[in-house]
Amino acid sequence: MTTGQDASPETVKPKPPRESYARQIQGMGWGFLVKLLLMMLVNALGLSVILSAWNAEAWGILTASVVLLIAADVVYFSKRMLPLKYIYPGLVFLLIFQVFTMAYTAYVASTNYGAGHNVSKEQAVESALIQDERQVADSPIYPLAVVRGDGGLGFAVGVDGEVQVGTAEQPLEVVDGAALDDSGRPTEVPGWEVVPRAELLSDQELAQEVTSLRVPVSDDADEGSLRTREGSTASIYRSSLVWDEGAGTLTNTETGVVYTADEFGTFRGDDGSSLPVGFYVNVGFDNFVKAVTDPDYAGPLLKVTAWTFSFAILTVISSFLLGLLFALIFNDDRIKGKKVLRTLFILPYAFPAFLSALLWRGMLNSEFGIINDWFFFGANINWLGDPWLAKFSILFVNLWLSYPYWFLVCTGALQSMPGETLEAAKIDGAGSWRQFRSIQFPLLLVSTAPLAIASFAFNFNNFTIIYMLTNGGPRFTDTSVPLGSTDILISAIYQISGVAGGRADYGLAAALSIVVFVVVGAVSAIAFRQTKKLEEF
Amino acid sequence: MATSAAPAPTRRRQPTRRSRWWLEVGWRYPVAAVIIFYAAFPLVFVLSASLDERGSLAGTSALFSSISFQNYANLNDTLFWTWVGNTLIIGSAAAIGAVLMGAAAAYAFSRFRFKGRRFSLTSLLILQMFPQTVAFVAVFLLLLALGNVVPALGINSKLALICVYLGTALGANTFLMYGFFNSIPQDMDEAAKIDGASHSQIFWKLIMPLVSPILAVVGLLAFISAFGDFILARIVLVSSENWTLAVGMYQWVSDQLSARWGIFSAGTIIAAVPVLILFLALQRYIVGGLTSGSVKG
């Protein structure tokens with residue numbers, strides 16, 4: 001950097017301008033090579049993603065990856081678009097994992113995506129056909145050898161002294177030059193590796209793959225497919241359902257029941273029964289309506305929402321006040337060892353929050369917990385099992401977790417306060433309470449209000465403390481929905497979504513996520529305005 | 001606290017220096033002792049429980065009644081060290097990615113003037129207000145779909161979780177870094193530019209060393225948030241050998257709180273102490289970073 005001054009006189013000289021050395025190597029230096037290598041890697045990866053997206057027929061991913069790859073090449077190989085060269089990598093992740101997921105949440109909120117409705121209509125038909133497959137009563141039993149090739153696993157069966165091979169995609173066809181043993185089972189198949197029986201028996205995963213493999217008998221799907229139960233013999237399985245694409249109906253050939261897709265994505269039979277497999281459909285605002293009108297959900301969700309707001313507000317106020325109190329007490333230059341004290345005060349904050357919450361879960365245990373043992377003479381107070389005590393416990397533990405933050409913030413704010421104002425007030429005869437109330441506190445509010453609002457938004461979604469401490473419990477007793485009296489919206493969404501087990505209702509969960517987004521967005525918007533107002537003031 | 005000022009009324013006219021000291025300063029020390037007890041007793045308790053030879057929650061209320069390292073030894077029979085490894089891998093990758101991408105974006109916003117700059121900054125400001133965890137249903141469905149195409153990015157992949165965390169790298173950190181980058185005088189870039197340095201040389205060799213304090217803060221914050229994340233880690237990582245500490249240790253305590261209290265305490269000590277030390281050592285930087293941007297508590 002300092003060489004700039006040394007070099008400049010040289011360029012001022014009226015000699016024929018000589019290009020600087022740095023300029024000469026630009027474009028072909030190490031940097032360029034590294035960039036080229038990186039871009040080769042990116043392109044290779046991108047192309048392989050595009051190819052597998054093509055194979056998996058995932059058109060959305062295909063489009064996105066093509067667009068992103070082309071954009072990457074344009075950005076990094078053109079001379080312009082300098083800023084984008086720096087922003088692009090982060091932007092890609094932002095677009096996929098934040099912007100897209102938010103938009104996708106909005107989309108899912110308008111569908112009935114969830115248990116029983118988690119595939120598209122096409123896939124639903126396919127899996128209905130598969131689920132309904134039964135072994136054909138008069139099917140011959142074929143001696144089977146499981147084979148492995150480039151296209152994955154396949155079946156080789158001996159049919160009348162000939163060997164036929166097929167895979168999930170490739171229907172059975174005759175292979176020449178294969179060898180059979182006495183029982184008619186293929187032992188050698190040209191172009192395929194016969195998987196030894198011992199391997200099938202020892203490798204659980206492989207065995208599972210084999211039992212779920214379906215090899216079509218021919219191009220005509222109605223002829224059924226070969227399946228195996230134990231890996232040594234195969235027989236023909238056929239679905240009793242027939243898909244009529246023109247009419248959009250599934251017909252059961254045995255019972256004659258015709259299933260038609262209804263507006264909720266369920267196949268309903270004309271006898272009133274329905275198929276277990278459904279598909280997701282757009283239901284508009286039904287999820288939102290369900291959240292407020294469904295008797296199972298409306299009551300609990302109202303309570304959950306009320307508690308979410310009270311929890312977020314109370315926890316911010318309580319920890320702010322406690323932190324402020326400590327900061328006021330220890331913001332005095334006459335105290336010795338302030339640094340050590342400060343470090344000890346913020347211990348809870350430096351301790352990982354999820355571990356603290358789990359730790360308190362043990363300490364608040366009604367039987368063996370030390371809180372009862374130490375402070376309540378061994379009484380069996382059920383801190384986490386009673387609705388109100390559990391709420392209190394959560395507030396108390398979160399106070400322990402977050403007062404240090406406010407202690408630090410308030411200490412900083414108090415120290416950066418203009419000394420002259422306080423001095424002037426003192427001279428005017430203001431007592432310390434008056435000084436605090438009329439000068440320190442208002443100034444403190446100005447500098448901490450944005451943080452208080454950010455903290456509100458954080459606690460509004462503070463999943464960790466709730467889930468680690470009480471799991472949202474104790475459960476509501478008046479509803480079948482798995483919600484409890486300390487559940488906040490985000491943990492309720494978690495329970496309803498069923499991503500961790502239980503009945504999945506992605507649609508309703510996403511709709512509630514949208515509600516949370518709106519609340520957080522509104523609060524943040526107010527915060528921005530308010531901070532500007534406070535600053536003017 | 002009030003009793004400590006008791007001698008004051010008797011010599012009301014001329015309070016001695018000592019009682020004045022008690023009134024104005026001295027009483028703060030007992031208060032400090034109370035606060036320290038409040039802040040530290042759970043931590044002392046978990047240390048004591050981790051050394052308790054019985055290894056269950058029952059009977060832990062007598063502190064340090066027995067000193068044994070059995071609980072620490074028992075950790076070897078669990079997947080604890082695998083989880084530590086996973087957490088370190090995921091946390092470090094998320095931290096490095098966040099630092100690099102955040103710094104690059106902050107550099108672009110701070111040093112270049114381009115069309116859409118204000119708009120992008122405002123959009124980032126708005127986007128970072130919406131927590132990614134709330135969209136976890138969509139993240140889950142997205143990873144299900146991605147996994148069909150690229151198995152390495154599907155459910156139960158650590159790489160996928162890292163990518164999910166990196167989604168917030170730009171929103172959360174750019175502003176924190178942007179302000180810091182702006183505080184570095186532009187004249188330096190100019191001088192280097194005249195010397196013939198390219199924009200990438202300026203970025204890597206000039207700016208990056210100068211902003212290293214903020215890089216450390218952002219890296220540490222990203223690491224801690226990955227370390228402490230439960231909800232995304234829980235839905236992405238399915239099989240127990242892929243879990244992070246947050247998921248694994250939750251499982252211990254949620255299943256058999258009392259019986260596994262010993263190994264939980266030992267695990268807590270091992271997991272928390274490095275973070276605790278790192279945090280306290282860097283507290284000056286972190287507090288500065290926290291008050292100007294993201295919030296933990």
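Chain B holds 15 helices and zero strands. Its radius of gyration is 25 Å, well over the 19 Å that the globule rule gives for 297 residues, so chain B is more spread out than a compact globule. The model is predicted. The contact between the two chains draws on 94 residues of chain A and 88 residues of chain B.

**Chain B: overall form**

- Taken along the principal axes, the C-alpha atoms of chain B fill a box of roughly 75 × 60 × 35 Å.
- Of its 297 residues, 46% count as buried.
- Take the contacts in chain B between residues at least 6 apart in sequence: 70% of them join residues at least 24 apart.
- The UniProt record assigns "domain: ABC transmembrane type-1" to residues 84-282 of chain B, in an unreviewed entry.
- That span, 84-282 of chain B, is 76% helix and 0% strand. Its end C-alpha atoms lie 22 Å apart.

**Chain B: two domains**

- Chain B splits into domain 1 (2-73) and domain 2 (77-292).
- Over C-alpha atoms, the centres of domain 1 and domain 2 of chain B are 37 Å apart.
- Their contact takes 12 residues from domain 1 of chain B and 10 residues from domain 2 of chain B.
- On the domain 1 side, the elements that give two or more residues are α2 (28-51) and α3 (70-74) of chain B.
- Helix α2(B) supplies the largest share of that side, four residues.
- By class, the domain 1 side has six nonpolar, five polar and one charged residues.

**Chain B: a loop residue**

- G116(B) sits in the loop between α4 and α5 (117-127) of chain B.
- G116(B) counts as exposed because it has 10 C-beta neighbours inside 10 Å; the cut-off for exposed is 12 or fewer.
- G116(B) and F279(B) are 163 residues apart along the chain. Their C-alpha atoms are separated by 37 Å.

**Nonpolar cores**

- The largest nonpolar core has 185 residues. Those with the most contacts inside this core are A94(B), V137(B), V139(B), L161(B) and V218(B).
- Helix α4 (residues 80-111) of chain B gives the largest share of this core, 16 residues.
- Another core, of 19 residues, lies apart from the largest one. Among its members are Y142(A), V163(A), W192(A) and L213(A).
- Leaving out residues up to four places away in sequence, L161(B) touches I90(B), L232(B), A233(B), V236(B) and L237(B).

**Chain A: overall form**

- Chain A has a radius of gyration of 34 Å. A compact globule of 537 residues would have one near 24 Å.
- Along its principal axes, the C-alpha trace of chain A spans about 110 × 90 × 45 Å.
- Of the 537 residues of chain A, 33% count as buried.
- Among contacts in chain A with a separation of 6 or more, 57% involve residues 24 or more positions apart.

**Chain A: annotated spans**

- UniProt, in an unreviewed entry, places "domain: ABC transmembrane type-1" at residues 305-527 of chain A.
- Residues 305-527 of chain A are 71% helix and 0% strand. The end C-alpha atoms of this span lie 21 Å apart.
- The UniProt record, again unreviewed, also lists "transmembrane region" for chain A.
- Residues 443-469 of chain A are 93% helix and 0% strand, with end C-alpha atoms 36 Å apart.

**Contact between chains A and B**

- In total, 94 residues from chain A and 88 residues from chain B take part.
- Helix α5 (residues 82-109) of chain A gives the largest share of the chain A side, 18 residues.
- By class, the side of chain A that touches chain B has 66 nonpolar, 23 polar and five charged residues.

Methods. Residues numbered from 1 in each chain as written. Chains lettered and ligands numbered in written order. Predicted model: local features only at pLDDT ≥ 70, side-chain atom pairs only at ≥ 80, totals over all residues. Contact = placed C-beta atoms within 7 Å. Nonpolar A, V, L, I, M, F, W, Y, C, P; charged D, E, K, R; others polar. Rg over C-alpha atoms; globule rule 2.2 N^0.38 Å. Buried ≥ 20, exposed ≤ 12 C-beta atoms within 10 Å, placed from the backbone. UniProt positions renumbered as here; feature names shortened; annotations may be inferred. Domains from an automatic or database assignment. Core = buried A, V, L, I, M, F, W, Y, C linked by C-beta atoms within 7 Å.
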